[in-house]
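Work through the exercises below with the sequence and model open. Try each task before reading its solution.

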Amino acid sequence: MNFITWTLVITGVTLNAAAQLMLKAATSATGPIALSWSGMTAATPRMLMHAGWWGGLTCYGISVLIWVLALSRAPVSVIYPMLSMGYIVNAIGAMLLFGEVLSMTKMVGIAIIIAGVCILTRSPA
């Protein structure tokens, strides 16, 4: 993959991960949302007033556009698994932003993801 394709993939993955973190921040305004119509309708106004909701949706929208550009430049069998790098970004982001624990098990999983991405990018198309 060339520099432009790599840039598109990394940007798409980062925006997708940022969307997850922003939406998680938006749920701080609601707490756990009940799996019912009344639970959803009670949470909706608080979600709509949270910047994380709008930021998350915006990041998702832009990430889809960037991802389409990346898909037009490389085999899907190579770049789709690279979305797994979002797990790494989210694990670190959740630790920094929300105080979630980055356990040894998670660190081993991150190492496996990095190894897998390295193998995939070196594979012949």
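This is a predicted model: local features need pLDDT of at least 70, side-chain atom pairs count only at pLDDT 80 or more; totals for chains, interfaces and linings use all residues.

Residues are numbered from 1 along each chain as its sequence is written, and side-chain values use heavy atoms, with hydrogens and water left out.

**Exercise 1. Describe the fold of the protein chain.**

Solution. Start with the elements: the chain has six helices and zero strands. Both are DSSP runs, numbered from the N terminus: helices are H or I with at least four residues, strands are E with at least two. Along the sequence the pattern reads α-α-α-α-α-α. Next, take the box: along the principal axes, the C-alpha atoms fill roughly 50 × 35 × 25 Å. Then turn to burial: of the 125 residues, 29% are buried. Buried means under 20% relative accessible area, exposed over 50%, and partly exposed in between (1.4 Å probe, protein chains only).

**Exercise 2. Compare the span of helix H1 with its expected value, and find what covers its buried residues.**

Solution. H1 covers residues 3-26, which is 24 residues. The expected span is 1.5 Å times one less than the number of residues. From first C-alpha to last, H1 reaches 34 Å, close to the expected 34 Å. Its buried residues include Leu8, Gly12, Val13 and Leu15. Their cover includes helix H2 (37-48), helix H3 (51-71), helix H4 (76-79) and H5.

**Exercise 3. Work out how H5 and H6 pack.**

Solution. Two packed helices are described by the angle between their axes and the distance between the axes. Here the axes of H5 (85-98) and H6 (104-122) come within 9 Å and cross at roughly 150°. Axes are lines fitted to C-alpha atoms, for helices over the stretch in contact, with angles from 0 to 180 degrees between N-to-C directions. H5 and H6 are therefore roughly antiparallel, a label for angles over 145 degrees. Now list the contacts, meaning heavy atoms within 4.5 Å. Met85, Tyr87, Ile88 and Ala91 in H5 meet Ile110, Ile113, Ile114 and Val117 in H6.

**Exercise 4. Is isoleucine 66 buried or exposed, and which residues does isoleucine 66 touch?**

Solution. Isoleucine 66 lies in helix H3. Its relative accessible area is 15%, so isoleucine 66 is buried. Leaving out residues up to four places away in sequence, isoleucine 66 touches Leu8, Thr11, Gly12 and Leu15.

Technical notes: Angles under 35 degrees count as roughly parallel, over 145 as roughly antiparallel, 65 to 115 as roughly perpendicular and the rest as oblique.
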